[in-house]
Amino acid sequence: MCPTTRFQPGVDYSSLRANDLLSLCVRGDADGWTEFVRRFHPLIASVVLRVAQQRREPSPRVVEDLVQETYWKLSANRGELGAIASLMDPIGPNLTIASN
């Protein structure tokens, strides 16, 4: 399932808060998905690599396959992205307060 709809023409997706971006992804916004991958690929890839290393399967091919499977599952289960988005609202302000 590949998102193809553009809901927000003219929006600067790179300036959106994570939860707003995830909300667009839940609705299938193609540009939102592109920004999601750009923004979160380093995190997703590093987590997948760490788990693959722990399981003694760190080959680049295995890691790339697992990363692609992660994106496929996120795309197929957009409702889970909505749950993640709802959790992100309080995280940013709480981190900001805790760092001061």
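Gly32 sits in helix H2, where helices are DSSP runs of H or I with at least four residues, strands are runs of E with at least two, and both are numbered from the N terminus. With a relative accessibility of 0%, Gly32 counts as buried; the term stands for under 20% relative accessible area, while exposed means over 50% and partly exposed lies in between (1.4 Å probe, protein chains only). Setting aside neighbours within four places in sequence, Gly32 is in contact with Tyr13, Leu21 and Cys25, contact meaning heavy atoms within 4.5 Å. Between the C-alpha atoms of Gly32 and Val11 there are 9.7 Å, and the two are 21 residues apart in sequence.

Before we go on, a word about what you are looking at: this is a predicted model, in which local features need pLDDT of at least 70 and side-chain atom pairs count only at pLDDT 80 or more, while totals for chains, interfaces and linings use all residues. Residues are numbered from 1 along each chain as its sequence is written, and side-chain values use heavy atoms, with hydrogens and water left out.

Now step back to the whole chain. It has four helices and zero strands, and from the N terminus its elements read α-α-α-α. Of the 100 residues in the chain, 28% are buried. The chain exposes about 6,700 Å², with carbon and sulfur atoms supplying 59% of that area; accessible areas come from the Shrake-Rupley method with a 1.4 Å probe, and for residues only the protein chains shown count as cover. Among contacts with a separation of 6 or more, 55% join residues 24 or more positions apart.

Let us follow the chain towards Gly32. Leu16 is placed in the segment before H1. Not counting residues up to four places away in sequence, Leu16 touches Val11, Leu21, Leu24 and Arg39. Leu16 and Gly32 are 16 residues apart in sequence, and their C-alpha atoms are 9.5 Å apart in space.

Next comes H1 itself, residues 18–26. Its buried residues are Ala18, Asn19, Leu21, Leu22, Leu24 and Cys25.

How does H1 pack against H2 (residues 30–54), and at what angle? The angle is about 135°, with the axes 8 Å apart; axes are lines fitted to C-alpha atoms, for helices over the stretch in contact, and angles run from 0 to 180 degrees between N-to-C directions. H1 and H2 are therefore oblique to each other, given that angles under 35 degrees count as roughly parallel, over 145 as roughly antiparallel, 65 to 115 as roughly perpendicular and the rest as oblique. Their crossing is left-handed, a label used if the near helix is turned anticlockwise from the far one by less than a right angle, with right-handed used if clockwise. From H1, Ala18, Leu21, Leu22 and Cys25 meet Gly32, Trp33, Glu35, Phe36, Arg39 and Phe40 of H2. By class, this contact has seven nonpolar, one polar and two charged residues. Here Ala, Val, Leu, Ile, Met, Phe, Trp, Tyr, Cys and Pro count as nonpolar, Asp, Glu, Lys and Arg as charged, and the others, Gly among them, as polar.

H2 also packs with H3, residues 60–76: the two axes come within 9 Å and cross at roughly 130°. H2 and H3 are therefore oblique to each other, and H2 passes H3 in a right-handed crossing. The H2 side of this contact is made of Trp33, Phe36, Val37, Phe40, His41, Ile44, Ala45, Val48, Leu49 and Ala52, and these meet Val63, Leu66, Val67, Thr70, Tyr71, Leu74 and Ser75 in H3. The residues of the contact divide into 14 nonpolar, three polar and no charged.

Val47 is found in H2 and, at 37% relative accessibility, counts as partly exposed. Not counting residues up to four places away in sequence, Pro58 touches Leu49, Ala52, Gln53 and Val63.
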